[in-house]
Structure formats: structure tokens, C-alpha cells
Amino acid sequence: MKRFWILLLAACLAPAASADDALWAKLKAGGNVVLIRHASTVEGLGDPPGFKLGDCATQRNLSDAGREEARRLGRQFQFRAINFTTARSSQWCRCLETARLAFGEEPEPWPVLNSLHADASGEAALVKEVNALAAKVKPPYNAVLVTHNFNIRALTGISPKEAELIIARSSSGKLEVVGRIPLPQ
């Protein structure tokens, strides 16, 4: 009888598997597109007037907290051994830095991921190109795309928080959202 109570107590104290764990398992299995909104930035929305893509000093950039968020995200990918074939990023410095800090390598700048905030004319190209990429992603690998809120919303209908993961996969030639994982703690 004593053993029964010990097992019952252990079961009650053991952490329950979370929905996030199930999504991480799907990422581990591969075949997904991981949409990541850049990590936290300094105050503001959008970029200052006259900003230039090649000049980070003219853009809204990651805050110190955002840099730590990106590193934390990368540690989760390493800890969980998530494989990806490509890490692509918007050409904005905050996205490139998020990808660089999270994944330890230079991301591939992909102009189609550039912000739609000030100019939504690229939305059709974004949807077309990301859907084409998603159709090519095969297990056990994933494709990681670091971009902006407006872009992820155009692709999925979801407005993610900074450094949040939206997991999607190709279904009948379109993105289907599998789930979302908030910034790991």
C-alpha cells in the first residue's frame, strides 16, 4: 500500500506534458515552416522616416532583452535537436540579428520576407513564395523564416508576439497552421 501512495504522489508531482511539448515534437519530426516574429525591439512601431535596409543605425533594432530572447530561442532549438535546412530572414536588421543570435549562423536574406508594414504590395509574392517553399520542406527538416508581424498575419491570419513561433505546413499548396509556441522561458 505504501508503494501505491508513493507512485500516486510521484504522478501528481511530475510535470504534465504540455501542448507546447506536442508542438516541439512535431517540429522534431520535421516537414514544417517555422515562422518567427523578430525578437523584442527598442520602443516604437515601424522604422524612422528615411531608414535604409543596409544601415542598421537608421532602423528600429533589437533591445538587449530581445537579444536574450533570440539566444533563448536558439537554446531551445539546440536542446530539442530541431533540424532545419534553411534559415531565411527579412533584410531588416532586427530580423537578421534575431536569426543570427538564435541559430549561430548568417541567415539567408530573403527580400520576400521584408516588412509589409508600410507597403502591402508584396503580400501576393510573399504568400506565393512561402507556399512554394513549404511544399518542398520534407521531414526530418524544417524551414525557419524570421520576419515581421504583418507578414506572418498575411500568411496565417495570426498576429504573433515578438519571438513567438508559428508552426505551419503545406496542405493542398497552402500553409496550414499546426500551432504556435510562445517564446520559451
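**Sheet.** I traced the strand order and found six strands in an open sheet, S3-S2-S4-S1-S5-S6, with mixed pairing. The model is a predicted one. I then looked for the edges: they are strand S3 (108-109) and strand S6 (174-181). Each of these two has a single partner strand, so one side of each has no neighbour in the sheet.

I went through two of the pairings. S5 and S6 run antiparallel and are joined by seven bridges. In that pair I noted Ser170 opposite Leu175 of S6. I also looked at what lies against the sheet: H6 packs on it and touches S1, S4, S5 and S6. The direction of H6 makes about 145° with that of S1. S1 and S5 are antiparallel as well, with four bridges between them. Here Ile36 stands opposite Leu165 in S5.

I checked the turn of the S5 and S6 hairpin. Two residues lie between the strands, and Ser172 has a positive phi near 55°.

**Cores.** Which residues of the largest nonpolar core touch the most other members? I listed Leu35, Val130, Leu145 and Leu175, out of 19 residues in that core. I then sorted the core by element. Strand S1 (33-37), helix H5 (123-136), strand S4 (142-147), helix H6 (149-156) and strand S5 (165-171) each supply at least two residues. H5 gives the most, namely four residues.

I took Leu145 for a contact list, leaving out neighbours within four places in sequence. Its contacts include Val33, Val34, Leu35 and Ile36. Arg88, Trp110, Leu113, Val130 and Leu133 are also in contact with Leu145. Apart from this core I found another, of 17 residues, with Leu23, Leu27, Ile82 and Ala102 among them.

**Cysteines.** I searched the whole structure for disulfides and found one. It joins Cys56 to Cys93, at 2.0 Å from S to S. I read the torsion about the S-S bond as about -85°, so this disulfide is left-handed. I placed the two ends: Cys56 is in the loop between S1 and helix H3 (64-79), and Cys93 is in helix H4 (residues 93-103). They are 37 residues apart, and the pair links distant parts of the chain.

Cys56 is partly exposed, at 39% relative accessible area. Cys93 counts as buried, at 8%.

A disulfide needs the two sulfur atoms within 2.5 Å. Cys95 is buried, with a relative accessible area of 0%.

I then listed some exceptions.

The peptide bond between Pro139 and Pro140 is cis, with omega about 10°. I placed Pro140 in the loop between H5 and S4.

Ala81 is not a glycine but has a positive phi of about 50°. I found Ala81 in the loop between H3 and strand S2 (84-89). Ala163, also not a glycine, has a positive phi of about 65°. I found Ala163 in the loop between H6 and S5.

Are these two alanines buried or exposed? Ala81 is partly exposed, with a relative accessible area of 36%. Ala163 is buried, at 0%.

**Ser40.** Ser40 is in the loop between S1 and H3. It counts as buried, at 13% relative accessibility; the cut-off for buried is under 20%.

What is Ser40 in contact with, leaving aside neighbours within four places in sequence? I listed Leu62, Ser63, Gly66, Glu69 and Glu162. I looked at Glu69 again for polar atoms: the side chain of Ser40 makes a polar contact with the side chain of Glu69, at 2.8 Å. I also took the spacing to Glu68. Ser40 and Glu68 are 28 residues apart in sequence and 9.2 Å apart in space, C-alpha to C-alpha.

Methods: Residues numbered from 1 in each chain as written. Predicted model: local features only at pLDDT ≥ 70, side-chain atom pairs only at ≥ 80, totals over all residues. Heavy atoms only, no water. Core = buried A, V, L, I, M, F, W, Y, C linked by side-chain atoms within 4.5 Å. Buried < 20%, exposed > 50% of the residue type's maximum accessible area, 1.4 Å probe, protein only. Contact = heavy atoms within 4.5 Å. Pairing = 2+ DSSP bridges. Axes fitted to C-alpha atoms, helices over the stretch in contact; angles between N-to-C directions. Polar contact = N/O pair within 3.5 Å; in protein donor to acceptor, adjacent residues only side chain to side chain.
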